[in-house]
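Open the model in your viewer and keep the selection tool ready. We will go stop by stop.

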Amino acid sequence: MPIKIEEDKLKEGLLGLVVALVEIIAEVLKLQAIRRMNDGLSPESIERLGQNIFEIFQTIEQIKKEQGLEESVNIIRENLDGVIDEFLDTLVNPEE
Amino acid sequence: MPNEIDSKLSGRYIYGIIPSVTGFQTTGIDGNPVYLIFYRDIAALVHSCHPKAYQSSNREQVENWLRQHQNVLDEALKHTNSLIPMSFDGIIDGSSISDPDDILKQWLQERYILIKDLLEQLSGCVEYGIKIYCSNEMLTAKVTKENPEIVGLNDRLMSMSKGTAFLFQSELSQKIRKAVAAECQILGNEIIAKIRQVVIDLKENKLDKEVSCSQRAILNLAVLANQDKAEIIGDLLENLQTSGHYNVVFTGPWPAYNFVKDLN
């Protein structure tokens with residue numbers, strides 16, 4: 001499924017795509033941090049890790065707000081979700 | 001004024017298969033007259049067309065075709081209580097022989113026993129669609145209150161410093177999401193068990209994607225039931241709806257599309 005980016009909003013689309021990807025990477029980092037936290041990280045390390053990741057998310061939110069990218073990031077992420085859903089469906093039900 | 005049957009056209013659009021009946025007359029897609037092609041005691045509902053798929057980028061046009069396809073099946077059900085519906089746009093190309101009807105007769109002949117069995121199974125039965133949605137708020141409240149792991153995490157969260165609380169809060173959201181999905185599965189299975197008691201067959205279809213922020217789809221079912229069971233199913237679903245936890249969408253009766261085996 002193609003990701004739709006309007007030509008006259010190319011800048012917004014491109015920047016939105018970059019921010020969407022950064023957001024996804026930040027979420028992966030957060031998942032890894034949760035895993036490490038449950039693997040027995042010290043309380044100080046958990047706090048430091050949590051603070052750092054919290055700040056990454058705050059910065060992403062700030063950029064989205066300043067650049068008016070909230071909607072385009074949402075659309076891009078929904079489209080990416082759709083692509084992944086389709087891909088997983090094909091893997092799970094190859095005959096359909 | 002309906003079009004006339006042009007048997008010289010080499011395509012045959014198939015609406016469905018029924019036990020042989022007499023006096024069936026209706027018009028189908030684009031006003032084409034629908035007629036029956038018989039083999040022994042079964043018949044295919046068809047119209048003559050070019051062997052070319054009905055395709056259009058105009059949504060209204062496609063919806064119109066689908067409605068006309070459905071109308072033919074509804075009309076057929078007035079003449080018989082058993083029907084094997086075919087999906088939209090099933091066209092057989094008979095351009096290789098002089099009488100295209102013969103290719104369909106041969107198709108019926110090759111599948112005669114399968115078709116007869118299926119017609120018998122579907123006799124007196126119709127399909128209903130049942131979609132059930134549940135309030136996200138209710139589900140989240142339920143798991144937040146009842147799941148001991150989530151209750152424990154929630155309690156610990158109060159006394160944590162910012163960075164730690166951020167990670168714990170994220171973990172908590174993950175656990176709530178998983179617990180809600182598991183809860184939906186349990187509720188869905190409970191409902192399925194009740195519905196199974198009043199239907200002949202049941203098929204679970206893919207759930208709708210997120211319907212709205214407040215609603216979550218928990219079931220999308222096609223059920224095969226005797227025509228006289230509509231009220232019983234309706235009552236059962238009404239009880240779910242009036243419990244206040246669910247939104248129910250009940251549609252039909254439809255031809256039994258979801259319960260037709262692949263005839264090819």
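**Before you click.** This is a predicted model, in which local features need pLDDT of at least 70, side-chain atom pairs count only at pLDDT 80 or more, and totals for chains, interfaces and linings use all residues. Residues are numbered from 1 along each chain as its sequence is written, while chains are lettered from A and ligands numbered from 1 in the order in which they are written.

**Stop 1: two helices in chain A.** Select residues 10-38 of chain A, helix α1, and residues 43-67 of chain A, helix α2. Helices (H or I, at least four residues) and strands (E, at least two) are DSSP runs, numbered from the N terminus. The axes of α1(A) and α2(A) come within 10 Å and cross at roughly 165°. Axes are lines fitted to C-alpha atoms, for helices over the stretch in contact, and angles run from 0 to 180 degrees between N-to-C directions. The crossing angle makes α1(A) roughly antiparallel to α2(A) (angles over 145 degrees count as roughly antiparallel).

Now show side chains. Residues of α1(A) in the contact include A:Leu15, A:Val22 and A:Leu29. From α2(A), A:Ile46, A:Ile53 and A:Phe57 are among them. Contact here is defined by C-beta atoms, placed from the backbone, that lie within 7 Å.

**Stop 2: a sheet in chain B.** Which strand order does the open sheet of four strands have? The order is β8-β9-β7-β10 (chain B), with antiparallel pairing. Two strands pair if DSSP finds at least two bridges between them. β8 and β10 (246-254) of chain B stand at the edges, each with a single partner strand, so one side of each lacks a neighbour in the sheet.

Walk across the sheet:

- Select residues 201-204 of chain B, strand β8; four bridges join β8(B) to β9(B). B:Leu202 has B:Val223 as its bridge partner in β9(B).
- Select β7 (residues 125-135) and β9 (residues 215-226) of chain B, joined by eleven bridges. B:Ile132 stands opposite B:Leu219 in β9(B).
- β7(B) and β10(B) pair over seven bridges. Find B:Glu127 and its partner in β10(B), B:Trp254.

**Stop 3: domains and chains.** Colour chain B by domain: domain 1 is 11-122 and domain 2 is 125-259. These bounds come from an automatic or database domain assignment. The C-alpha centres of the two domains of chain B lie 37 Å apart. Last, show both chains: their contact takes twelve residues from chain A and eight residues from chain B.

Methods: Contact = placed C-beta atoms within 7 Å. Parallel < 35°, antiparallel > 145°, perpendicular 65-115°, else oblique.
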